[in-house]
Amino acid sequence: MLNFISKAELYLPVLMQGVYLTILVTLGGFILSTILGMVLAFMRVSGIRPLSAISRVYVIVVRGIPALVTLFYIYFVFPDLGLSLTAVHAAILGLGIAYSPYMAEVFRSGIEAIDNGQSEAALSIGMGWGMVMRRVILPQAIKVALPPYGSTMIMVLKDSSLASTITVADLSLQGKLLASSTFENTTIFTLVALLYLAMSLPLTAFNGWLEKSLRQPR
Amino acid sequence: MTLISLSNVRKSYGKHEVIRDVSTSVDKGEVLCLIGPSGSGKSTLLRCINGLEDYQGGEILVHGARVDRKDRNGIRDIRTRVSMVFQRFNLFPHRTALENVAEGPIYVKGEPRAEALERSTELLARVGLADKIDAHPGQLSGGQQQRVAIARALGMKPDAILFDEPTSALDPELVGEVLGVMRSLADEGMTMVVVTHEMGFARDVADRVIFLDGGVLLEDGPPEEVLVRPQNPRTQDFLRRILPS
Ligand SMILES: Nc1ncnc2c1ncn2[C@@H]1O[C@H](COP(=O)(O)OP(=O)(O)OP(=O)(O)O)[C@@H](O)[C@H]1O
Ligand SMILES: [Mg+2]
């Protein structure tokens with residue numbers, strides 16, 4: 001154990017550089033997939049046929065492609081189409097797109113969980129669609145959507161390790177490089193696992209706190 | 001003065017015709033009760049009047065303006081004039097009783113907040129809930145929730161209120177308090193269209209009763225005629241089943 005701690009002290013600084021990139025890619029992926037997911041969910045429930053069809057098809061197609069392949073596509077194929085991105089940007093874009101269908105489903109199921117009578121009551125006092133969403137549906141849907149949103153966030157964090165396959169020196173890649181140069185597999189991969197866990201725990205805690213504080217005003 | 005008029009209204013879900021050629025009208029200050037067996041199209045007809053459903057034929061006019069769901073501004077305007085009270089209350093569970101009532105005045109009508117809250121407080125007092133203004137719907141009984149819903153409808157200063165079986169979801173002992181509020185509204189001259197199975201209410205309060213069966217309007221007249229001396233055998237049959245003899 002002492003041995004592990006002294007070795008950990010040695011390797012942590014290098015791994016922390018990876019942590020920085022992992023957080024960057026994860027945050028970028030969150031934000032992008034959340035925005036895309038919201039847009040897709042709104043399109044889906046808009047009641048406007050073409051929009052809802054586009055959203056439905058997008059979800060089916062993108063969800064059916066492995067995130068890894070999406071990343072490869074953006075990093076290796078887009079340049080041929082004239083769009084060259086840095087590895088980090090490609091990773092964020094790829095993760096954001098790959099997770100947008102999951103986010104869309106999280107938001108959609110939240111919205112659809114709200115009883116139809118709610119929007120009817122809101123419409124019947126003269127609200128328009130936007131106001132019905134903003135003032136009546138979303139404040140309730142958010143409570144339903146939070147737990148699955150939290151799990152999706154953690155999946156994004158874990159899958160940010162896919163960025164390593166397109167040369168982003170994130171935590172997983174730093175770990176791999178360090179392990180192959182030192183042969184300290186056990187120490188290093190244990191550290192890598194612990195660091196990922198250390199990043200996901202605050203997410204879990206944050207979600208728990210959000211859920212609770214949203215449930216408060218009763 | 002005619003407030004709501006329906007002429008030759010038809011509505012179908014796919015091939016299934018649920019409203020067949022219904023014509024009637026509601027005058028200002030009139031209380032119209034709509035009765036009929038389950039599935040006869042009572043809710044559908046009511047929901048067509050404020051555009052929660054569209055209809056395929058005929059015409060519904062409110063204040064002379066055609067109810068048309070495609071005319072977004074027009075339909076919103078009509079809905080602010082014709083409020084609706086639902087069987088299952090449909091209060092906003094994330095807002096207090098007061099906020100439920102003030103929601104429309106503040107956010108739809110743009111009334112100054114302080115004024116809207118004061119008026120909403122008065123409306124809640126009027127339905128006997130002065131002490132419940134800060135309660136959330138989940139903390140109220142069904143009867144109390146339905147009274148909040150009536151206050152919410154009144155908050156829009158409507159020309160008419162549509163009620164869809166407002167007491168059907170209530171425990172029997174809570175029906176009276178809601179009917180009481182509705183009676184007092186009728187006494188004050190509110191125009192009301194009420195879908196109900198409460199024949200006592202229809203007999204005492206309604207100015208007119210219409211009987212709908214299979215989407216067809218079979219009776220339209222004062223309660224003493226429709227309820228006591230119905231012409232149509234189907235109406236006689238329905239009343240025999242629903243009225244304890
Ligand atoms: N959304 C819908 N899609 C298809 N059919 C429907 C829909 N809503 C109602 N119907 C049908 O329309 C007919 C009339 O329904 P409606 O709800 O208006 O009856 P009702 O008189 O209010 O009955 P109840 O007393 O049970 O409330 C029924 O046959 C019903 O099955
Ligand atoms: Mg009904």
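This is a predicted model: local features need pLDDT of at least 70, side-chain atom pairs count only at pLDDT 80 or more; totals for chains, interfaces and linings use all residues.
## Chain A: overall make-up

Chain A contains eight helices and zero strands, and its elements, read from the N terminus, accordingly follow the order α-α-α-α-α-α-α-α.

## The largest pocket

The largest pocket of the model has a volume of about 1,200 Å³. Its lining comprises 35 residues, and those closest to the pocket centre are A:Ser46, A:Leu123, A:Trp129, B:Arg69 and B:Arg79, a list that draws on chain A and chain B.

Several helices contribute to this lining: α4 (87-112), α5 (116-124) and α6 (129-159) of chain A, together with α2 (72-81) of chain B, each supply at least two residues. Sorted by class, the lining of the largest pocket consists of 14 nonpolar, seven polar and 14 charged residues.

## The second largest pocket

The second largest pocket has a volume of about 310 Å³. Of the 16 residues that line the second largest pocket, A:Met38, A:Phe107, A:Ile142, A:Ala145 and A:Tyr149 lie nearest its centre.

In chain A, the helices α1 (2-45), α4, α6 and α8 (185-215) each provide at least two residues of this lining, and the largest share, seven residues, comes from α6(A). The helices α4 and α6 of chain A are also named among the contributors to the largest pocket. By class, the lining of the second largest pocket holds 14 nonpolar and two polar residues, with no charged residue, whereas 14 charged residues are found in the lining of the largest pocket.

## The surroundings of ligand 1

Which residues surround ligand 1? The shell is made up of B:Tyr13, B:His16, B:Val18, B:Pro37, B:Ser38, B:Gly39, B:Ser40, B:Gly41, B:Lys42, B:Ser43, B:Thr44 and B:Glu165. Within chain B, β2 (16-27) and α1 (42-49) each supply at least two residues of this shell, and the largest share, three residues, comes from α1(B). The class composition of the shell is three nonpolar, seven polar and two charged residues.

Contacts with ligand 1 involve both side-chain and backbone atoms of chain B: a polar side-chain atom of B:Tyr13 lies 3.4 Å from a nitrogen atom of the ligand, a polar side-chain atom of B:His16 lies 3.3 Å from an oxygen atom of the ligand, and a backbone N or O atom of B:Gly41 lies 3.0 Å from an oxygen atom of the ligand. Ligand 1 taken alone exposes 640 Å², and the protein buries 60% of that area.

## Strand pairing in chain B

Four strands of chain B form an open sheet in the order β2-β1-β4-β5, with antiparallel pairing. The edge strands of this sheet are β2 and β5 (65-66), each of which pairs on one side only. As a general point, strands of a sheet pair through backbone hydrogen bonds, either parallel or antiparallel.

Strand β1 (residues 2-13) of chain B is joined to β2(B) by eight bridges, the two strands running antiparallel, and within this pairing B:Leu6 has B:Thr24 as its bridge partner in β2(B). The strands β1(B) and β2(B) form a hairpin with two residues between them, and B:Gly14 in the turn has a positive phi of about 60°. Five bridges join β1(B) to strand β4 (residues 57-62) of chain B, again in antiparallel fashion, and here the bridge partner of B:Ser5 in β4(B) is B:Leu61.

How many cavities of 30 Å³ or more does the structure hold? There is one, and about 50 Å³ of space lies in the largest cavity. Its lining is formed by B:Leu6, B:Thr24, B:Val26, B:Leu32, B:Leu34, B:Leu45, B:Ile49, B:Val193 and B:Ile210.

By class, the lining of the largest cavity has eight nonpolar residues, one polar residue and no charged residues.

Definitions and conventions:
Residues are numbered from 1 along each chain as its sequence is written. Chains are lettered from A and ligands numbered from 1 in the order in which they are written. Side-chain values use heavy atoms; hydrogens and water are left out. On a 1 Å grid over the protein atoms alone, a cavity is a set of points where a 1.4 Å probe fits but cannot get out, and a pocket is an open set with protein on both sides within 12 Å along at least five of seven lines; lining residues have an atom within 4 Å of a point. Grid points are joined across faces, edges and corners, and a volume is the space filled by probe spheres set on the points. Ala, Val, Leu, Ile, Met, Phe, Trp, Tyr, Cys and Pro count as nonpolar, Asp, Glu, Lys and Arg as charged, and the others, Gly among them, as polar. A residue is near a molecule or strand if one of its heavy atoms lies within 4 Å of it. A polar contact is a pair of N or O atoms within 3.5 Å; within protein, one must be able to donate a hydrogen and the other to accept it, and residues adjacent in sequence count only if both atoms are side-chain atoms. Accessible areas come from the Shrake-Rupley method with a 1.4 Å probe; for residues, only the protein chains shown count as cover. Two strands pair if DSSP finds at least two bridges between them.
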